[in-house]
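Colleague: Please take one part of this model and look at it closely. I would like the salt bridges, one by one.

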Amino acid sequence: MTGLIKKAMGLMRPGVKQGAAVPSRTTARYLRDTKSGAIASRAAPLTNSRDDIRRAWSRSAGLAMDLIQNSGRLKGACDQVIADTVGVGLTLTPDPDLTGLGYSEEEKAEFIRLLKRRWKPFWNDKKECDLRGKLTGPQMVDVGLRWDIAFGEVTGVFDFFGDADRAHYGISTGTKLCLVPPQKLVQDTNTFDGMFQGVGHDAKGRPMSYRFDTSSNGRCVKRDYAAFDADGLPLVMHIFDPMDATDVRGISKLAPAFRKHIQAEMLDDATLQMALLQTVFAITLTSETPSADAYEALEVLKEQGGDGVEYGKEYLGYLAGSLDAAAESRISVGADPQVSHLGPGQKLGLETANVPGKDFLPFSNSLARDMARTIGCSYGGLTMDYTDASYASVRMETSSLWPVVTRRRERVAAPMCQMVYESWLDEEIGEGRIPFKGGYRAFRANRARVCMAGWQGPPKPTADDLKSAKASTERMRNGTSSVSIETGDLGIDADALFEERERAHRRYLDAGMQSPYAPKGASTAPVGSAT
């Protein structure tokens, strides 16, 4: 082959002598594959996030509900997520901005106390807060968190009871929330009309309406609900944690872990089936009885005649007697196992099952960690396995997961409470049950400022309460923290704690007793007494 032909076929490079070593050309680029073609074997087309969600929503929702309903581990993990996020319920901490509305600091404090006193009875009374009259406010938040895990979103519709309905049901408020399962929010999509997965949008991409499947006289009817009323208050609750800026609906939190969880279930089933096939023990019967070759050798001796014939007859008689004795014996394995007699040369052996193998637990634990990370709970909380846990590992696990818990509280649970709180406060001030300077008109003009509030959840878990308390004290002494921050980590309202301590302090002093809340070295004499 000439050099010209080699060059044409790409076997030679210009400027490189024939026979010389060809230097490798280094290329720097993304997606540089391995020799086995690992990257090339995985097809990954680039699509829009909201289109992926629309295609997979129904299937993922069905799988998530099926897995949760048929797995005690997943059901327990969901309950753990709810307990970590809201505990027995979130506590309202109003933080209204009343600047320029004529409120002094004392009047603002009294206004906040009034809000707290009136909100709690409403939120904990199922007849007052729930349209169906079946769920209290904390229970509705629990349902919403379960929906967030299974469906990736929380949906509901607000309604208002007039005087006739209030008198009929014996209630005093009109604001009501009706939770509607997310699967009732239809999947209708029409980009020309701004409709995508049941959510109607205006020209700027803002939600304007929601289309739900409703029942009317036994028929399923699609009905559109406006997103907001004329005053801007929400009429539909739709809460989800988006993956992309263009997302319209959420998707199950379990969707990324479906494959791993199903593989884990298959592994458990296969291991259990193998163990059952082997039973708890395997029985082997070893025998020295001659094979067919031995019987053929006896036949040859018989044909040769002489002593061989007699020897063959004697040995066959011996075997016949032994087999008859063995036939009369029995080997029984059951509720009453027994071995009465074995034939000559036979041995009974018991062997234990050899599954699961040594690699079962490490692999199973790896699958469980994948699911725990997806749900947002700890591995120990999912599996209840603390075999190799230490103080340091538990502390690090809690520290890494606590921001996930607080984020879930702020993005899912707190917005549910806040939307109801805003509608309730609008009604309370509008109907005069809570006085407001300037009346309803002033409140309406400053609704967003007045409705500002925080929602306090359960305390951050600790691996050692004493060490955590010492750390809190050290932060306070160094001036790197505050009472509000420290009580917030404990799930306690700082204002409520102050008022409770103040009442108890005055009560002790009025009774002539030493107050446990008195400063060190200060006089603890009762009020009005001579010193």
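Modeller: A salt bridge here is a side-chain nitrogen of Lys or Arg within 4 Å of a carboxyl oxygen of Asp or Glu. The model is predicted. By that rule, 25 salt bridges are counted.

Start with a network. Salt bridges link Arg 118, Arg 166, Glu 427, Glu 428, Glu 431 and Arg 433. Within it, the side chains of Glu 428 and Arg 118 meet at 2.6 Å, N to O. Glu 428 sits in helix α13 (residues 391–430) and Arg 118 in helix α4 (residues 105–123), so this pair ties together parts that are 310 residues apart in sequence. Are these two buried or exposed? Glu 428 has 1% relative accessibility, so it counts as buried. Arg 118 has 33%, so it counts as partly exposed.

Next, take Asp 370 and Lys 260. Their side chains form a salt bridge at 3.8 Å, N to O. This pair also links distant parts of the chain: Asp 370 is in helix α11 (residues 360–375), Lys 260 is in helix α8 (residues 258–277), and they are 110 residues apart. Asp 370 is partly exposed, at 26% relative accessibility. Lys 260 is partly exposed too, with a relative accessible area of 25%.

Arg 55 and Asp 52 form a salt bridge at 3.5 Å, N to O. Both lie in helix α2 (residues 49–69), three residues apart, which is about one turn of the helix. Arg 55 counts as exposed, because its relative accessibility is 55% and the cut-off for exposed is over 50%. Asp 52 is partly exposed, with a relative accessible area of 36%.

Notes
Residues are numbered from 1 along each chain as its sequence is written. This is a predicted model: local features need pLDDT of at least 70, side-chain atom pairs count only at pLDDT 80 or more; totals for chains, interfaces and linings use all residues. Side-chain values use heavy atoms; hydrogens and water are left out. Helices (H or I, at least four residues) and strands (E, at least two) are DSSP runs, numbered from the N terminus. Buried means under 20% relative accessible area, exposed over 50%, partly exposed in between (1.4 Å probe, protein chains only).
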